[in-house]
Amino acid sequence: MEAKITLLPGDGIGPEIVGATTKVFDAIAAKYGHTFNYSEHLMGGIAIDEMNNPLPEETLGACLESDAIMLGAVGGPKWDDPTAKIRPEQGLLRLRKELAVFANLRPVKIFDALADASPLKPERVKGVDIMFVRELTGGIYFGTPRGRETTADGLRSGFDTLRYDENEIARILRVGFELARQRRGKLTSVDKANVLTTMQVWREVAHEVAKEYPDVEYEDILVDAMAMYLINRPADFDVVVTGNMFGDILSDAASMITGSLGMLPSAAVGASGSVGLFEPIHGSAPDIAGKGIANPLATIMSGAMLLRLGLGLEDEATAVENAVSQVLADGHRTGDLGGGEAALGTDAMTDKVLEALD
Ligand code: IPM
Ligand code: MG
């Protein structure tokens, strides 16, 4: 196939890890007879510096015209002031909204070879394989009205709106149920229906959608309890579906179960035909940017998700995932994976993946 892939390296280690991933794409293209055409664009802090806009129109246009988007990371200390008018995060939120990628898939899986990296006891993490499905274009991160105002007593106050309509709820749950069918057949919906009206609607709709999938085991869990269960019985979960904010928080917590943030990929997808956005879970790691030591594997694994979900190339995606497992099983480690003295840098680790692909 011929495909257009937009590259948004972004900030910090972004350019290094996206560069590593395009090498893997090139190897896949050569091996399976595909042509991938890349176009690289500014996004995040670097786009603020150069264009005074974290998501320049030109970047958005290129994204909308492509078949899939590979994002590195955005942000860094230079743009960290949360009260600044223009921030890298705004670019990311707007990109998600414009692409209408409402489903954020964040797999949290323990690689056997890395089981000892977890801060949890080995018996707790054995077999952990969770697919987080976070609603990504609605909820409190987008709700209006929002703003700041001064109260009658002269106090500064701020407010945001948590709103979901039944269509938004049903479509994200359906993504989860479809995935559960291809996995271990279990779905957990996380809400706060005991307190929030929005979440009562969420639970009501979740129960209705669950009836369409009688073959999937369904449960709902309150978000506070879920935070606890993720730590004391993470292996019990298969697909976990939740709203934007709860998903943001819980998926960060869950990522730590593996102990290797540098390994976790993600995909943001919308209705069929829309352009998917693929990026590692980790940030821009400004402290190690430009040193050639960043772990490229989360981005490479996000690249595998791009091949599978963005381009429909299942065998190619599996080949990349197998190559990564192989490299880890062979004992190759970057610094963040405890490589110590013998740690491989970004290029050397990427070369190992390319060798394993061969
Ligand atoms: C994430 C990030 C973003 C979010 C930020 C950078 C806007 O935390 O992808 O989880 O909150 O969604
Ligand atoms: Mg987050």
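## Helix 6

Helix 6 covers residues 166-182 of this predicted model. Its 17 residues should span 24 Å at 1.5 Å a residue, and its end C-alpha atoms are 25 Å apart, which agrees. The expected span is 1.5 Å times one less than the number of residues in the helix. Helices (H or I, at least four residues) and strands (E, at least two) are DSSP runs, numbered from the N terminus.

The buried residues of helix 6 are Glu168, Ile169, Ala170, Ile172, Leu173, Val175, Gly176, Phe177, Leu179 and Ala180. Buried means under 20% relative accessible area, exposed means over 50%, and partly exposed lies in between (1.4 Å probe, protein chains only). These buried residues pack against strands 4, 5, 8, 9 and 10 and against helix 7 (197-211). Contact means heavy atoms within 4.5 Å.

## Basis of the values

Residues are numbered from 1 along each chain as its sequence is written, and chains are lettered from A and ligands numbered from 1 in the order in which they are written. Because the model is predicted, local features need pLDDT of at least 70 and side-chain atom pairs count only at pLDDT 80 or more, while totals for chains, interfaces and linings use all residues; side-chain values use heavy atoms, with hydrogens and water left out.

An open sheet is formed by 10 strands in the order 2-1-3-12-11-4-5-10-8-9, with mixed pairing. Strand 2 (35-40) and strand 9 (217-222) stand at the edges; each has a single partner strand, so one side of each is left without a neighbour in the sheet. From one strand to the next, the twist averages 20°. Two strands pair if DSSP finds at least two bridges between them. Strands of a sheet pair through backbone hydrogen bonds, either parallel or antiparallel.

Strand 3 (residues 68-73) and strand 12 (residues 276-280) run parallel and are joined by 3 bridges. Within this pair, Ile69 has Leu277 of strand 12 as its bridge partner. Helix 9 (residues 244-258) lies across strand 4 (103-109), strand 5 (129-135), strand 8 (186-191) and strand 10 (239-242), and runs at about 160° to strand 5. Axes are lines fitted to C-alpha atoms, for helices over the stretch in contact, and angles run from 0 to 180 degrees between N-to-C directions.

## Domains

The domain assignment of the protein chain gives domain 1 (1-106 + 266-358) and domain 2 (119-258). Such bounds come from an automatic or database domain assignment. The C-alpha centres of domain 1 and domain 2 lie 25 Å apart. Across the two, 11 residues of domain 1 are in contact with 15 residues of domain 2.

## Backbone exceptions

Most residues other than glycine have a negative phi, and most peptide bonds are trans. Thr144 and Pro145 are joined by a cis peptide bond, with omega about 5°. Pro145 lies in the loop between strand 5 and strand 6 (147-150).

Asn52, which is not a glycine, has a positive phi of about 60°. Asn52 is in the loop between helix 2 (45-51) and helix 3 (57-65) and is exposed, with a relative accessible area of 54%. Ala285, also not a glycine, has a positive phi of about 40°. Ala285 is in the loop between strand 12 and helix 10 (297-310) and counts as partly exposed at 23% relative accessibility.

## Selected side chains

Thr59 belongs to helix 3 and is buried, with a relative accessible area of 0%. A polar atom of the Thr59 side chain lies 2.6 Å from the backbone oxygen of Leu42. A polar contact is a pair of N or O atoms within 3.5 Å; within protein, one must be able to donate a hydrogen and the other to accept it, and residues adjacent in sequence count only if both atoms are side-chain atoms. Not counting residues up to four places away in sequence, Thr59 touches Leu8, His41 and Leu42.

Thr188 is placed in strand 8 and counts as buried at 0% relative accessibility. The side chains of Thr188 and Glu219 are joined by a polar contact of 2.7 Å. Leaving out residues up to four places away in sequence, Thr188 touches Glu219, Ile221, Met226, Phe237, Val239, Val240 and Val241. Ser325, in helix 11 (residues 314-329), counts as partly exposed at 33% relative accessibility.
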